[in-house]
Amino acid sequence: NRNQNSVINNTIFKNNIADNGAIIYFRHSDFVNPGEPSGIQISNCLISGNTANIEGVIKLGNTYKNANFDFINNLFINNQSTSIGSAILLSQNGTLNLSGNIFLDNITTSSNPVDGSLISCTPPTAANTGQFIDGSNNYFYGNGGTSEADVLLFGTSMGDSNAFLNNFSDYLFKLIDGSTETISIENNYW
């Protein structure tokens, strides 16, 4: 079936370097019928010591709506980027579903303020209208950026039962300007 999600399970991604998408650069392609759901599921993986020289250790994009990018029970440790998304960058339409992941000591090394030093959605355009971060039961510790006014998570977000401890960004969340989405971030440990 041309519309199946890609699945990556029980894999170690360690010490990889690239400009964009140091370990995964997922883009919608001709392998998926236009307008049909597509995406990727990554579960039970170790993602450690990877560097994106520009942005997004994992960079995800889909020019069609309804893409789901699922991250389940992964361990993100000591990853870095020089711009945004030291863990994940969602650059086009889709929903980023996070469940049971641990994000530990991931940094962005930009000297300028960064929106989404750990996880970022790029702002919407006419062709790129729907991005969403949905997370539950995730643990965030020691993540951030090296400049002042950094934002840890950037995008329309919701989720519960997450724990945020000792992160060194000035702000945990920033919503995309002009968004009219209702968000719910209750029952989290700050």
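Tutor: Two strands count as paired if DSSP finds at least two bridges between them. The model here is predicted.

Student: OK, then how do β20 and strand β23 pair, and over how many bridges?

Tutor: In the parallel sense, over three bridges. Strand β23 covers residues 171–174.

Student: Which residue in β23 is the bridge partner of Val151?

Tutor: Tyr171 is the partner of Val151 there.

Student: And what stands opposite Val151 in β20?

Tutor: Asp115 does. The strands concerned are β16, residues 115–121, and β20, residues 151–154, which run parallel and are joined by three bridges.

Student: Switching topic. What is the strand order in the open sheet of five strands?

Tutor: The order is β3-β7-β11-β15-β19, and the pairing is parallel. The edge strands are β3 (17–20) and β19 (144–145), each of which pairs on one side only.

Student: Over how many bridges do β15 and β19 pair?

Tutor: Two, in the parallel sense, with β15 made up of residues 107–108.

Student: Which residue stands opposite Gly145 in β19?

Tutor: Thr108.

Student: Now Ser43. Where is Ser43 found?

Tutor: Ser43 lies in strand β5, which spans residues 39–43.

Student: Buried or exposed?

Tutor: Ser43 has a relative accessible area of 7%, so Ser43 is classed as buried, the cut-off being under 20%.

Student: What does Ser43 touch?

Tutor: Leaving aside residues up to four places away in sequence, Ser43 touches Ile8, Asn9, Asn10, Ile72 and Asn74.

Conventions
Residues are numbered from 1 along each chain as its sequence is written. This is a predicted model: local features need pLDDT of at least 70, side-chain atom pairs count only at pLDDT 80 or more; totals for chains, interfaces and linings use all residues. Side-chain values use heavy atoms; hydrogens and water are left out. Helices (H or I, at least four residues) and strands (E, at least two) are DSSP runs, numbered from the N terminus. Buried means under 20% relative accessible area, exposed over 50%, partly exposed in between (1.4 Å probe, protein chains only). Contact means heavy atoms within 4.5 Å.
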